[in-house]
Amino acid sequence: MTSPDLPNPQVGRPLPAEAGAPTAPKACGQCSLCCKLLEIAELEKPMGVWCRHFVKGRGCGVYADRPPACQDYQCAWTWAPLLDDRWRPDRAGFLIHPVQAASELEIVADPSRPAAWRREPYYSQIKTWSDPANTSVSVVRVRIGDRVLVVFPETEIDLGLSNGRTGIRCGYERKGGKLQPYARFSDGDEA
Ligand code: SF4
Ligand code: SF4
């Protein structure tokens, strides 16, 4: 999260290899979409609504004093060379970041453009990340507000509202002699 005229520092964190090795960070430019889409606990800011400190045309109105969550945040577009300018979140209509120790990818959709991730070139790439045959990403999830979908190469499974649950168990199970994708929230599962 940055002001339009200041590049963010790069945040070191493990990344799925398929997103590309981290490079020099791209500057956020006119994008401020994370200031709308993300929950910021320090500000009691819920997901999907503009932060009260966001100033249209200027960016963060408290940049020097923004909370650590804002200082540390870098969406995948800023560091993943695979994601070209078409993927800048304000242009794409969603942001991407790794979750669950970077084994999962989360696509956070702008609630005012909930289907933007289904357009090309995004949809094909998101499907590629979801394919266990060619990726190390264990789960690709799409978040639209509190609603969560899990992406598989052949379908998506809508888990409904997360209500604070973050863990997801998914994969394939045999049903009627055929392998079928399944997904469910795993919070509360036995270890
Ligand atoms: S969504 Fe990404 S590119 Fe946009 S302001 Fe936030 S960190 Fe920068
Ligand atoms: S404090 Fe600034 S950087 Fe953080 S969400 Fe609000 S406007 Fe964005």
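**Strands, sheet and ligand surroundings in a predicted model**

User: At what pLDDT do side-chain atom pairs count?

Analyst: Residues are numbered from 1 along each chain as its sequence is written, while chains are lettered from A and ligands numbered from 1 in the order in which they are written. This is a predicted model, in which totals for chains, interfaces and linings use all residues, local features need pLDDT of at least 70, and side-chain atom pairs count only at pLDDT 80 or more.

User: What pattern do the helices and strands follow along the sequence?

Analyst: The protein chain contains five helices and nine strands. Read along the sequence, these elements give the pattern α-β-β-α-α-α-β-β-α-β-β-β-β-β.

User: Which strands stand at the edges of the open sheet?

Analyst: This open sheet has five strands in the order β3-β4-β5-β6-β7, with mixed pairing. An edge strand has a single partner strand, so one side of it is left without a neighbour in the sheet; the strands concerned are β3 (94-99) and β7 (156-161).

User: Do β4 and β5 run parallel or antiparallel?

Analyst: Strands of a sheet pair through backbone hydrogen bonds, in one sense or the other. Here L105 stands opposite V140 in β5. Six bridges join β4 (residues 104-109) to β5 (residues 139-144), and the two strands run parallel.

User: Which residue takes a positive phi in the hairpin of β5 and β6?

Analyst: β5 and β6 (residues 147-151) run antiparallel and are joined by four bridges. Within this pair, R143 stands opposite V148 in β6. The hairpin has two residues between the strands, and the positive phi, near 65°, belongs to G145.

User: Which residue takes a positive phi in the hairpin of β8 and β9?

Analyst: Strand β8 (residues 168-175) is joined to strand β9 (residues 178-185) by eight bridges, and the two run antiparallel. R174 stands opposite L179 in β9. Two residues lie between the strands of this hairpin, and the positive phi, near 55°, is taken by G176.

User: Is W87 buried or exposed?

Analyst: W87 lies in the loop between α3 (76-79) and α4 (89-92). A residue is buried if 20 or more other C-beta atoms lie within 10 Å of its own, exposed if 12 or fewer, and partly exposed in between, with C-beta atoms placed from the backbone. Because W87 has 20 C-beta neighbours inside 10 Å, it counts as buried.

User: Which residues does L43 touch, not counting residues up to four places away in sequence?

Analyst: L43 is located in the loop between α1 (34-37) and β1 (54-55). L43 counts as partly exposed because it has 15 C-beta neighbours inside 10 Å. Contact requires C-beta atoms, placed from the backbone, within 7 Å. Beyond the excluded neighbours, L43 touches C51 and P67.

User: Which residues touch the most other members of the largest nonpolar core?

Analyst: A nonpolar core is a set of buried Ala, Val, Leu, Ile, Met, Phe, Trp, Tyr and Cys residues joined through C-beta atoms within 7 Å. Leaving aside neighbours within four places in sequence, the contacts of L95 include C34 and W77. Of the 41 residues in the largest nonpolar core, those touching the most other members are C34, W77, L95 and I107.

User: How many residues of the shell around ligand 1 are nonpolar?

Analyst: The ligand is surrounded by 15 residues, the closest being C28, C31, C34, C75 and P89; a residue belongs here if its C-beta atom, placed from the backbone, lies within 6 Å of the molecule. Ala, Val, Leu, Ile, Met, Phe, Trp, Tyr, Cys and Pro count as nonpolar, Asp, Glu, Lys and Arg as charged, and the others, Gly among them, as polar. The shell has one charged residue and four polar ones, and its nonpolar residues number ten.

Note on methods. Two residues are in contact if their C-beta atoms, placed from the backbone, lie within 7 Å. Two strands pair if DSSP finds at least two bridges between them.
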